[in-house]
Amino acid sequence: MFAVIFREMFYQSDPDRFSTMFNTIFTLFQLLTLDDWSYIYTTSRERGSWFIIIFLALYIVVEYFTFLNLFIAVLVDNFQLTIKKRVARKKLKVMLQLDRTLQEMHYLRSVLSCLP
């Protein structure tokens, strides 16, 4: 949605960044990383599109704070699942060791009960 808006509104003021849809998407990705947003602003402002700052601010706020937080949430969720799996594996390992120990104790008890 933002790519279409930026492409239609600013392709004349900054044809290097907004001439094609691919360039526009690449520029928006660059904005998502907050890289060179001031150059994009000054280039468009100098060529008559002073109002690009409104769209840049809106895009940065929406994309940066929304999608970046979603991305971080996915990473944190995956880390939590990995930790839960690791804890479950450790519990299973301890239970198996306990089970082997109990089997050995039962075996020793049966051996000892057979002795006179």
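**Note on helix packing and selected residues**

1. The UniProt record, in an unreviewed entry, places the feature "domain: Ion transport" at residues 1-82. UniProt positions follow the numbering used here, feature names are shortened, and annotations may be inferred rather than shown by experiment. The structure is a predicted model, in which local features need pLDDT of at least 70 and side-chain atom pairs count only at pLDDT 80 or more, while totals for chains, interfaces and linings use all residues. Residues are numbered from 1 along each chain as its sequence is written, and side-chain values use heavy atoms, with hydrogens and water left out.

2. The span of residues 1-82 is 80% helix and 0% strand, and its end C-alpha atoms lie 35 Å apart. Helices (H or I, at least four residues) and strands (E, at least two) are DSSP runs, numbered from the N terminus. Under "transmembrane region", the unreviewed UniProt entry lists residues 21-40 and 52-76. In the model, residues 21-40 are 80% helix and 0% strand, with end C-alpha atoms 16 Å apart. Residues 52-76 are 100% helix and 0% strand, and here the end C-alpha atoms are 34 Å apart.

3. Two packed helices are described by the angle between their axes and the distance between the axes. Axes are lines fitted to C-alpha atoms, for helices over the stretch in contact, and angles run from 0 to 180 degrees between N-to-C directions. Helix α3 (residues 21-32) and helix α5 (residues 52-114) have axes that come within 9 Å and cross at roughly 70°. This angle makes α3 roughly perpendicular to α5. Angles under 35 degrees count as roughly parallel, over 145 as roughly antiparallel, 65 to 115 as roughly perpendicular and the rest as oblique.

4. The crossing of α3 past α5 is right-handed. A crossing is right-handed if the near helix is turned clockwise from the far one by less than a right angle, and left-handed if anticlockwise. On the α3 side, Leu28, Phe29, Leu31 and Leu32 take part; they meet Leu56, Tyr59, Ile60, Glu63 and Tyr64 of α5. Contact means heavy atoms within 4.5 Å. By class, this contact of α3 with α5 has eight nonpolar, no polar and one charged residues. In this scheme Ala, Val, Leu, Ile, Met, Phe, Trp, Tyr, Cys and Pro count as nonpolar, Asp, Glu, Lys and Arg as charged, and the others, Gly among them, as polar.

5. Helix α1 (residues 2-10) also packs with α5, at an angle of about 170° and with the axes 12 Å apart. The two helices are therefore roughly antiparallel to each other. From α1, the contact draws on Phe2, Ile5, Phe6, Met9 and Phe10; from α5, it draws on Ile52, Phe55, Leu56, Leu58, Tyr59, Val62 and Glu63. Counted by class, the contact of α1 with α5 has 11 nonpolar, no polar and one charged residues.

6. How do the axes of α1 and α3 cross? They come within 9 Å and cross at roughly 115°, which makes α1 roughly perpendicular to α3. The crossing of α1 past α3 is right-handed. Phe2, Ala3, Val4, Phe6 and Arg7 of α1 make the contact with Met21, Thr24, Ile25 and Leu28 of α3. The classes in the contact of α1 with α3 are seven nonpolar, one polar and one charged residues.

7. Leaving aside neighbours within four places in sequence, threonine 27 is in contact with Arg17, Phe18 and Ile40. Glutamine 30 also has its place in helix α3 and counts as buried at 16% relative accessibility. Not counting residues up to four places away in sequence, glutamine 30 touches Asp35, Asp36 and Ile40.

8. Leucine 34 lies in the loop between α3 and α4. Most residues other than glycine have a negative phi. Leucine 34 has a positive phi of about 60° although it is not a glycine. At 36% relative accessibility, leucine 34 counts as partly exposed.

9. Serine 49 is found in the loop between α4 (37-46) and α5, and counts as buried at 8% relative accessibility. Aspartate 99, in helix α5, is partly exposed, with a relative accessible area of 39%.

Methods. Buried means under 20% relative accessible area, exposed over 50%, partly exposed in between (1.4 Å probe, protein chains only).
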